[in-house]
Amino acid sequence: PPSPQPAIRDLLSEPSATMAEKQAEAQQLVQRFVQLQNMMVNEQSKVNVLKKTAEARQQEIKHSDLTYAEIESLPAETPTYKPVGRMFVRQSKEDTLSYLRDKKKATENEINTLSKTRKHHERTMKSNEENLGDMVKQLQGMGFKLTDSSKQ
């Protein structure tokens, strides 16, 4: 009974891929490589924006904490004012403190969301980086010599 797998001599006798096919495959790899590089740059810029936004929110929390501490030290009957557009609305000290607590909590939640999103983009970036490494190996295996253009 003949075996279902092809014999080694059959595999060796098959014609190898033509030069045009190899060039087309290499061109496709290069195109995917460039696309991945562009995706990496895009992901890196997203990560940087998310980091800067989180830092700005941290500063907002510090500012709210300082304001809270100052207002809390005031006597209970001291009037406070909340900015609304181009005017100020008078409100009680407790309402102002409540507003600052709520603002801080909302900002902390936003920072957590930003952190999760940043981690997702960092994972995507790492995956793209690994794919780029694999493509470099494939291209080198096909006889391409890749150089680092940043060192020129």
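These are my notebook entries on a predicted model of one protein chain.

**Ground rules.** I number residues from 1 along each chain as its sequence is written, and I use heavy atoms for side-chain values, leaving out hydrogens and water. Since this is a predicted model, local features need pLDDT of at least 70 and side-chain atom pairs count only at pLDDT 80 or more, while totals for chains, interfaces and linings use all residues.

**Entry 1, the chain.** I looked up the elements and found 3 helices and 2 strands, in the order α-α-β-β-α from the N terminus. Helices (H or I, at least four residues) and strands (E, at least two) are DSSP runs, numbered from the N terminus. Of the 152 residues, 18% count as buried, meaning under 20% relative accessible area with a 1.4 Å probe, protein chains only (exposed is over 50%, partly exposed in between). I then took contacts (heavy atoms within 4.5 Å). Among those between residues at least 6 apart in sequence, 72% join residues at least 24 apart.

**Entry 2, the strands.** I checked how β1 and β2 (residues 87-91) pair: the sense is antiparallel, over 5 bridges. Two strands pair if DSSP finds at least two bridges between them. Thr-80 stands opposite Gln-91 in β2. The two strands form a hairpin with 2 residues between them, and Gly-85 in the turn has a positive phi of about 65 degrees.

I read off a volume of about 190 Å³ for the largest pocket. On a 1 Å grid over the protein atoms alone, a pocket is an open set of points where a 1.4 Å probe fits, with protein on both sides within 12 Å along at least five of seven lines; lining residues have an atom within 4 Å of a point. Points are joined across faces, edges and corners, and the volume is the space filled by probe spheres set on them. At least two lining residues come from each of α2 (19-72), β1 (80-84) and α3 (93-141). The lining includes His-63, Ile-71, Tyr-81, Gln-91 and Thr-96.

Is Ile-71 buried or exposed? Ile-71 counts as buried because its relative accessibility is 13%. Not counting residues up to four places away in sequence, Ile-71 touches Thr-80, Lys-93, Thr-96, Leu-97 and Leu-100. For Ile-71 and Thr-96 I noted 25 residues of separation in sequence and 8.2 Å in space, C-alpha to C-alpha.
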